[in-house]
Structure formats: structure tokens, C-alpha cells
Amino acid sequence: MDKDGNITSGLRLPEQTVPLGTYGGWAFRSESYGQMDTLVSMAGSYIPFAKTKEEREKAGDPRLSLAERYQSRAEYLKKIEDAANKMAAQHYVLQEDVPTIIKEAGDHWDWTMGSTFNKASR
């Protein structure tokens, strides 16, 4: 695992190479099901990074915030594009799918960040 808790083995998709959070192959059980301290394997989870350093520090999150990782949405998408193009060059994804990967990454950024962070970078 890397410093963010993301697995480093196998093929890393662009959203894992340029993450907006920690992706896990497990999830905590809901309180309504009981045994909240038990993990559910193969269910998957996503724990987004804090938006700002202040938010991260307030939560005691050791992972860098999005603002500490990426200067803007445009910088994030450029890194996604580079990662997707690298996978296409290695024949792991089709070149024609790269624009879709970038669009979906932009949608994920927007969902994660809301509409207040770096609107000017769109």
C-alpha cells in the first residue's frame, strides 16, 4: 500500500495513480447490521481526501488534502490525461477511451470538491 492506503500492486487505473481518495476492497459494516467493527470484504469503499489542509488537520487525517496535492482542477485533469495516455500506449485501455476517462475524472472532481474550489480553473 502507498501512503494513502491505496494498493500499489497490479494495474493502477488513472484514478488510482492520481487519486482523490483512498480506495479499498473492503467496507465497514453499517450500524444497522451490527458488528460495526467488522469489515465486509469485496464490498469496496472510497474515503475521499479532505478538500483543504485546514479540513485535514481538523479531522486528524494524515493524508494530504486535495488542495495540497493539486493546484487546480486543470492540473488534476492533466495528470489524469497523462496517466490515461500512458495506459493507452501500453495497450491497457483504448486511446478512444481516454476522453471518457478524463470526463469521468472531471465529474468525480466536481462531485468531491463541490462547486466552491477553484472554479476559475475549469
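Leu66 touches Pro19, Leu20, Phe49, Ala50, Lys51, Thr112 and Met113, with residues up to four places away in sequence left out of the list; a contact is defined as heavy atoms within 4.5 Å. The structure is a predicted model, in which local features need pLDDT of at least 70 and side-chain atom pairs count only at pLDDT 80 or more, while totals for chains, interfaces and linings use all residues. Residues are numbered from 1 along each chain as its sequence is written, and side-chain values use heavy atoms, with hydrogens and water left out.

Buried stands for under 20% relative accessible area, exposed for over 50%, and partly exposed for values in between (1.4 Å probe, protein chains only). Helices (H or I, at least four residues) and strands (E, at least two) are DSSP runs, numbered from the N terminus.

Across the whole structure, 5 aromatic pairs are found. Rings of Phe, Tyr and Trp (its six-membered ring) pair if their centres lie within 6.5 Å; planes under 30 degrees apart count as stacked, over 60 as edge-to-face and the rest as tilted. The ring centres of Tyr23 and Tyr46 are 5.1 Å apart and their planes stand at 40 degrees, so this pair is tilted. Because Tyr23 lies in strand E1 (residues 21-28) and Tyr46 in strand E2 (residues 39-48), the pair ties together parts that are 23 residues apart in sequence. Tyr23 is partly exposed at 22% relative accessibility, and Tyr46 is partly exposed at 23%. In the pair of Tyr70 and Tyr76, the ring centres are 5.2 Å apart and the planes are at 65 degrees, so the pair is edge-to-face. Both Tyr70 and Tyr76 are buried. Tyr23, Tyr46 and Trp111 form one aromatic cluster.

Arg69 lies over the face of Phe49, at 3.7 Å from the ring centre. The criterion is that NZ of Lys or CZ of Arg is within 6 Å of the ring centre and within 35 degrees of the ring normal.

Ala74 is placed in helix H4 (residues 73-89) and is partly exposed, with a relative accessible area of 42%. The C-alpha atoms of Ala74 and Gly106 are separated by 8.9 Å, with the two residues 32 apart along the chain.
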